[in-house]
Amino acid sequence: LDKISDRVYENIFKMYDEDMYPTYNILQQIILPDEVSEKMIGTIQVKGNIPYTTLSFQLYKDISLWWLICLANKIDNPTQLISAGTTLRYIKPNFVRQVTSQIKAQLK
């Protein structure tokens, strides 16, 4: 498989070959590292009913970081739209690389 961007959820997990097919252990739990300082966290009030990919694009100019918003808010079901008026926490864009690196280190 081609290299997947570091920002994509699937790249957080190790890839295994099972019966010659690449697979991920997506049941492995990831959590936001304790070391994440409040200065790295922002909040946003959602204006309309939108998917997490749309909010990800608004915050990061990249739809693939939807999972980071869910992680910061302990959201288990990202398939539901975010309700208008909901206030969510997010990792500020200039700290995304640092936080994703810490998450990957957890999983080693």
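Modeller: Helices (H or I, at least four residues) and strands (E, at least two) are DSSP runs, numbered from the N terminus. On that basis the protein follows the pattern β-β-β-α-α-β-α along its sequence, with three helices and four strands in total. This is a predicted model, in which local features need pLDDT of at least 70 and side-chain atom pairs count only at pLDDT 80 or more, while totals for chains, interfaces and linings use all residues. Residues are numbered from 1 along each chain as its sequence is written, and side-chain values use heavy atoms, with hydrogens and water left out.

Colleague: What makes Ser-56 count as buried?

Modeller: Buried means under 20% relative accessible area, exposed over 50%, and partly exposed in between (1.4 Å probe, protein chains only). Ser-56, which lies in helix 1, has 0% relative accessibility and therefore counts as buried. Contact means heavy atoms within 4.5 Å. Leaving out residues up to four places away in sequence, Ser-56 touches Lys-61, Asp-62, Ile-63, Ser-64, Leu-65, Trp-66 and Ile-69. Across the protein, buried residues make up 34% of the 108 residues.

Colleague: Which residues touch the most other members of the largest nonpolar core?

Modeller: A nonpolar core is a set of buried Ala, Val, Leu, Ile, Met, Phe, Trp, Tyr and Cys residues joined through side-chain atoms within 4.5 Å. The largest one has 26 residues, and Leu-55, Tyr-60, Leu-68, Ile-91 and Val-99 touch the most other members. Two or more residues each come from helix 1 (52–60), helix 2 (66–72), strand 4 (87–91) and helix 3 (96–106). Helix 2 gives the most, with six residues. Beyond its neighbours within four places in sequence, Leu-55 is in contact with Ile-44, Val-46, Ile-50, Ile-69, Ile-82 and Leu-88.

Colleague: Why are the buried residues of helix 3 placed on the same side?

Modeller: The residues concerned are Val-96, Val-99, Thr-100 and Ile-103. They cover an arc of only 95° around the axis, so they are on the same side of helix 3; the arc is that of the directions from the helix axis to the C-beta atoms. These buried residues pack against helix 1, helix 2 and strand 4.

Colleague: How do you know that the charged end of Lys-61 sits over the ring of Phe-57?

Modeller: The criterion requires NZ of Lys or CZ of Arg within 6 Å of the ring centre and within 35 degrees of the ring normal. The charged end of Lys-61 is 5.9 Å from the centre of the Phe-57 ring, and it sits over that ring.
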